[in-house]
Every structure is written in structure tokens, then in C-alpha cells.
Amino acid sequence: MFSHILVCSIAGKANLEKSDLEPALKALKDRLMTKNVAEEIAEKLCESVAASLEGKKLASFTRISSTVQAAMEEALVRILTPRRSIDILRDVHAAKEQRKPYVVVFVGVNGVGKSTNLAKVAYWLLQHNVSVMMAACDTFRSGAVEQLRTHARRLQIPIFEKGYEKDPAIVAKEAIQEASRNGSDVVLVDTAGRMQDNEPLMRALSKLIYLNNPDLVLFVGEALVGNDAVDQLSKFNQKLADLSASANPRLIDGILLTKFDTIDDKVGAALSMVYISGAPVMFVGCGQSYTDLKKLNVKSIVKTLLK
């Protein structure tokens, strides 16, 4: 009789109940929040982990905390691994076979380094023997065209510009036509930084996307600001949906996170942004030079979030 009781208590209860999981989940939620994961997202993640474990049998001799940790790791990998893979180089070649330039539109709020990161993407493409043209469609902010021109000159690639106060949607259209004529593989479209609640500028962006149907809409956000970037991204998507002339509006396809080298282990913004948008983090910018662009390493991010 005695030995029977002992074995039961070591193997844990027959089935896990929510109350068994609570302490480990609370610790995990707090840990995610210290890494800059938005609170409501940390909360939702813990709920889904609880739901996946509730009623399950605990394997003999395993601790609840390690079971919870393993389930959370699985959930995080699943979220950060893109649902549809976007392989830019593959897609560029597919467009090339159809004799069409591949078009990327860069969007985001002011001051996140859109044109610098556009230039980094241009450099990355050049390294893969892809010909690139820039389109200066930030026709709103003085200095924006000059800034892009400087990058184009340094990288020795053509730039399409029509100066200021033109309709950016039309400038982008003409740039794409020009790229078709001169055989550029990719057009990188710079747009005016806008706050997510600036209605006229969001309307102009929505028109640019609707009129030109780009292959990729890339949201540039700062890894640093954490929940601000999450808020920006969800509002951008909301506005693009609300203002679109199409019944099936185009939203953000991918994310480029800047200043990734300055955040230490606070990588939570990457998770939060992917979680709310379903768009993958395609690049992370770290540092100032053109070579400072990396792919997101999902395994290392998950490890950082859980350590």
C-alpha cells in the first residue's frame, strides 16, 4: 500500500489541471514580459499553453515547470516560423521570368530609418546579383529624395524621382514602368513616414498599394520601442484595411526590425509584432553600414525569450 502512494506522488497526478500549471505559467508570463513581450500577448500565450496541457498526463519523473517550458517553446517557434514562406530571391526570379520587376514598398512611421534600411536591402540584393532601382515616393518630406539619392549614388544604382508634392502612387507607377523598360529586377519604393493615425497620409499609402499591387509590403519598425511598434503595426494594418478600395485589401506582408543590436535580450517586440500581424520578420537591421542586415534566427530568439 505504502509503495503505491509513493509512486503516485512522484509521477504527479494522473492528469494535469489548470491549478497545477498556474505557478509555472505565471513565472513564464513574467519572464516574457521582462523581455518586452506585450502583456496581453504573454497572457494569451500562457492561456494557449495551459489549454494544450490541461488534462494531459504528466510523464513520470518530469517536473511541471519543464513540461510548461517545452510547450511554450513549441508555441513560440510556431508563431515565429512564417505560415507562408516568403523567399524574396526565389520570387524575384519568378517575376523576372514573367518579365516583370519585383516591387517592394517600404512603410512605417517617421524616424525609424526607412530609407537607410531600404538601402541595406538594396545592398543585400546586389550581393545576390539582382539589379535594383530605387523609387523616391516620399514626395512629402523635404530632404527625403536627397537622402535616397545619396544611397543610390553610393550603391551605384538608378533612382526614379519626380521631386516633391507629386502623387506618390503615380510616381511609383511610373517608376515600375521605367524598371520594366530598363530591365531592373527589383523596384524598392520609399514612402513618407507617417503616423498610423494620420488619415490623409494613410489614405495616400493605401492608394499607392492599391494602384501598384506590389509583391511585398514591408513594415519597418524599431525593435527598441517594443509595444509602440506593435501598436503602430496593428493600426497600419487596420487603416490599410479600412481605407482600401478593394474588398480584399493588401496588408503588411513582412517586417524589418531596426536597431536590433541595441536591445540586448529584450527581443519581445519581434514576437509581439509577428503575433498580432501574422507577418514574418524578414530582416533585422543591426548597425549603420549597408552590410548590417540579418535574417531572424527563430531558434535563438526563442532561446532568448525563455532564458
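This report describes selected strands, helices and side-chain pairs of one predicted model.

## Basis of the description

Residues are numbered from 1 along each chain as its sequence is written, and side-chain values use heavy atoms, with hydrogens and water left out. Because the model is predicted, local features need pLDDT of at least 70 and side-chain atom pairs count only at pLDDT 80 or more, while totals for chains, interfaces and linings use all residues.

Helices and strands are DSSP runs numbered from the N terminus, a helix being H or I over at least four residues and a strand being E over at least two. Strand β4 covers residues 186–191, and six of its six residues are buried, so the strand is largely enclosed by the rest of the structure; here buried means under 20% relative accessible area, exposed means over 50%, and partly exposed lies in between, with a 1.4 Å probe and protein chains only. V186, L188 and D190 point one way from β4, whereas V187, V189 and T191 point the other way, and all are buried.

Two strands pair if DSSP finds at least two bridges between them. Strand β1, residues 102–107, runs parallel to β4 and is joined to it by five bridges, with V104 standing opposite L188 of β4. Strand β2, residues 132–137, also pairs with β4 in the parallel sense, over six bridges, and in this pairing C137 has T191 of β4 as its bridge partner.

A pair of aromatic rings is described by the distance of the centres and the angle of the planes. Rings of Phe, Tyr and Trp (its six-membered ring) pair if their centres lie within 6.5 Å, and planes under 30 degrees apart count as stacked, over 60 as edge-to-face and the rest as tilted. By this rule the model has three aromatic pairs. One of them is the stacked pair of Y123 and Y290, at 6.3 Å centre to centre and with 25 degrees between the planes. Y123 lies in helix α6 (residues 114–127) and Y290 in the loop between β7 (281–285) and β8 (293–294), so this pair ties together parts that are 167 residues apart in sequence. Y123 is partly exposed, with a relative accessible area of 25%, whereas Y290 counts as buried at 16% relative accessibility.

The rings of W124 and F283 have their centres 5.1 Å apart and their planes at 75 degrees, so this pair is edge-to-face. The pair links distant parts of the chain, with W124 in helix α6 and F283 in strand β7, 159 residues apart. Both W124 and F283 are buried. Helix α6 also holds Q127, which counts as partly exposed at 47% relative accessibility.

## Helix α11 and the annotated segment

Helix α11, residues 268–277, is mostly covered, since seven of its 10 residues are buried; these are G268, A269, A270, L271, S272, M273 and V274. After α11 comes G278, whose phi is positive, near 70 degrees.

For residues 280–293, UniProt lists "domain: SRP54-type proteins GTP-binding" in an unreviewed entry; UniProt positions are given in the numbering used here, feature names are shortened, and annotations may be inferred rather than shown by experiment. Over residues 280–293 the chain is 0% helix and 43% strand, with the end C-alpha atoms 15 Å apart.

## Salt bridges

Side chains of opposite charge can pair when their charged atoms come close. A salt bridge is a side-chain nitrogen of Lys or Arg within 4 Å of a carboxyl oxygen of Asp or Glu, and by this rule the count comes to 16 salt bridges. One of them joins D30 to K26, with the closest N and O atoms 2.8 Å apart. Both residues, D30 and K26, lie in helix α2 (residues 18–34), four residues apart, about one turn of the helix.

Another salt bridge is formed by E222 and K259, whose closest N and O atoms are 3.0 Å apart. E222 lies in strand β5 (residues 216–222) and K259 in the loop between β6 (254–258) and α11, so the pair ties together parts that are 37 residues apart in sequence. E222 is buried, with a relative accessible area of 11%, while K259 counts as partly exposed at 36% relative accessibility. The side chains of R250 and D253 also meet in a salt bridge, at 2.6 Å from N to O. Salt bridges that share partners join K29, E39 and E43 into one network.
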